[in-house]
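Here is a short briefing for a first look. Begin with the overall build, then turn to the aromatic rings.

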Amino acid sequence: MSAEHDGQTGPEPCVVGVDYGTLSGRAVVVRVRDGAELGTAEYAYPHAVLDRELPDGTPLPPDWALQVPADYVDVLRHAVPAALAQAGVRPEQVIGIGTDFTACTVLPVLADGTPLCELPEYTGRPHAYVKLWKHHAAQAHADRITATATERKEPWIERYGGKISSEWEFAKALQLLEEDPELYRRTERWIEAADWIVWQLCGTYLRNACTAGYKGQLQDGVYPTPEYLAALNPDFAGFVADKLEHPIGELGARAGGLSAEAAAWTGLPEGIAVCVGNVDAHVTAPAAAAVEPGQMVAIMGTSTCHVMSSDQQGVVPGMCGVVDGGILPGLWGYEAGQSGVGDIFAWFVKNCLPAGYAERAAAAGQSPHEYLTALAETQKVGEHGLVALDWHSGNRSVLVDHDLSGVLVGLTLSTRPEEIYRALLESTAFGTRTIIEAFETAGVPVRELIIAGGLMRNALLMQIYADVTRRPLSVIASKQGPALGSAMHAAVAAGAYPDIHAAAQAMGKVHRAVYEPDPDRAAAYDRLFAEYKLLHDYFGRGANEVMHRLRRLRTEASEASA
């Protein structure tokens with residue numbers, strides 16, 4: 001039923017949410033009254049992820065992951081009008097637009113917002129492009145940031161679990177300075193993509209409070225000091241003042257009105273509310289009606305981000321940050337995560353699936369993932385004799401080390417692909433249990449686990465998570481959780497609701513306790529998890545540095561080849 005014909009006296013107001021993911025952008029048109037999703041559309045980025053070469057063929061070293069910012073604007077041009085058309089909503093019914101982004105996805109721009117990669121002289125310079133969240137080539141810089149902060153007893157380091165990630169703003173900026181100082185000097189703003197797209201929509205640049213706190217180390221209104229930055233590199237001392245610091249926009253606030261240019265791109269009315277930017281994971285919490293302390297939302301896609309608000313402030317080892325009001329006003333917002341989840345399953349299907357399996361899946365009308373899942377579902381817990389570490393893209397929480405790599409133990413000549421696939425599914429569940437236990441050990445209780453994101457469609461994976469964590473799993477009642485959350489924040493920015501709590505009451509959607517843990521399977525998983533923990537600590541906490549040594553060998557070989 002459309003927003004225009006629902007027994008109301010006139011056309012009902014709607015909002016648009018745009019979710020910028022790793023490979024595509026999705027737009028959803030949402031009715032303000034009840035959160036009904038009336039239309040949706042997706043636009044795949046033409047350049048996808050640049051991890052081997054730039055568009056001009058310039059090769060990239062290992063661990064790089066870049067994007068082209070023009071692809072983000074193309075989402076506005078294509079996905080928003082298509083979602084409106086599918087919804088049957090007239091443009092004048094739309095009162096606001098909100099956006100969310102992967103993070104930390106960051107880019108160097110001029111003072112007017114022009115990305116450096118769009119300047120002709122820099123199209124062949126890797127550091128001129130957007131550094132995607134999974135750009136992990138700044139690990140050495142992150143290690144120095146952490147070591148220097150620990151040595152100097154910087155007060156903010158504790159709020160990031162004692163470690164700074166290579167995915168975040170300062171590590172990527174320090175890499176830029178030290179590997180391409182000319183481009184660093186030319187950079188006038190070091191900006192999150194979440195804020196850059198809002199700038200394109202309304203002509204106003206505000207740093208959103210979410211990324212500033214979680215990815216930019218802004219705590220209690222203060223960034224790391226020039227003295228600390230100079231200890232990293234004398235030329236880095238002015239980074240905050242010269243390139244980063246900017247007025248902060250609160251989540252759900254109005255950043256400005258939609259510009260004439262952006263109105264032409266989207267087909268929306270000029271002047272409607274444009275909401276302050278947000279992060280894909282954090283914006284999903286109210287969409288899943290997770291507005292009470294202790295409700296952890298795991299947004300499961302290519303990676304998993306765990307977000308939770310709490311009335312308890314604690315120091316959780318390896319967390320990605322705790323920020324006052326970082327998710328919801330009045331509560332401490334926590335973030336943790338796993339760098340690879342869906343990416344691991346996709347890697348296996350792309351690189352390790354026998355041709356015969358692919359042929360049988362096609363004959364059955366199934367995707368390779370569906371076919372492997374059906375086979376894996378017939379196995380008993382532990383029947384495959386395998387245990388894996390989910391570090392194919394490094395470890396975000398709780399070790400915060402992106403130079404770690406995947407492990408599979410127990411292979412024999414009779415091991416089948418579906419058994420490996422199940423072991424990989426289980427490894428990601430073990431990673432989530434490790435994160436939950438870290439929170440609870442630190443005195444920050446997790447009272448409910450809610451799943452959002454594309455992987456919630458895999459019922460076997462969801463049941464494994466329930467059994468491994470020994471917790472009922474609730475699931476968001478939306479296929480577009482981040483986009484719905486962005487739309488809800490847009491409704492607040494447009495004045496339709498006084499705050500995000502009120503919007504969540506009316507527009508949030510969740511199904512409670514959809515998956516219940518099975519006691520027998522849970523007991524069997526306890527035994528497997530004990531083996532996972534042994535491997536986790538042996539390879540991840542310094543007992544055996546083989547992963548780091550192999551990484552160095554790979555880097556040296558790559559540099560010699562180049």
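Helices (H or I, at least four residues) and strands (E, at least two) are DSSP runs, numbered from the N terminus. By that count, the chain has 19 helices and 22 strands. Its radius of gyration, taken over C-alpha atoms, is 23 Å, close to the 24 Å that the globule rule gives for 562 residues, so the chain is as compact as a globular protein of that length. The globule rule is 2.2 Å times the number of residues to the power 0.38.

This is a predicted model: local features need pLDDT of at least 70, side-chain atom pairs count only at pLDDT 80 or more, and totals for chains, interfaces and linings use all residues. Residues are numbered from 1 along each chain as its sequence is written, and side-chain values use heavy atoms, leaving out hydrogens and water.

**Overall build**
- Along the principal axes, the C-alpha atoms fill a box of roughly 65 × 60 × 50 Å.
- Buried residues make up 60% of the 562 in the chain. Buried means under 20% relative accessible area, exposed over 50%, and partly exposed in between (1.4 Å probe, protein chains only).
- A contact means heavy atoms within 4.5 Å. Of the contacts between residues at least 6 apart in sequence, 73% join residues at least 24 apart.

**Surface and charge**
- The chain has 44 positive and 69 negative charges, and their mean positions are 3 Å apart. Lys and Arg count as positive, Asp and Glu as negative; His and the chain ends are not counted. Each charge is placed at NZ of Lys, CZ of Arg, CG of Asp or CD of Glu.

**Aromatic rings**
- The whole structure holds 21 aromatic pairs. Rings of Phe, Tyr and Trp (its six-membered ring) pair if their centres lie within 6.5 Å; planes under 30 degrees apart are stacked, over 60 edge-to-face, and the rest tilted.
- Tyr20 and Tyr72 have ring centres 5.8 Å apart and planes at 75 degrees, so this pair is edge-to-face.
- Tyr20 sits in strand β1 (residues 14-20) and Tyr72 in helix α1 (residues 70-87), so the pair ties together parts 52 residues apart in sequence.
- Tyr20 is buried at 0% relative accessible area. Tyr72 is buried too, at 0%.
- Tyr538 and Phe539 also pair edge-to-face, at 5.0 Å centre to centre and 70 degrees between planes. Tyr538 is partly exposed at 39%, whereas Phe539 is buried at 15%.
- One aromatic cluster is formed by Tyr20, Tyr45, Tyr72 and Phe101.
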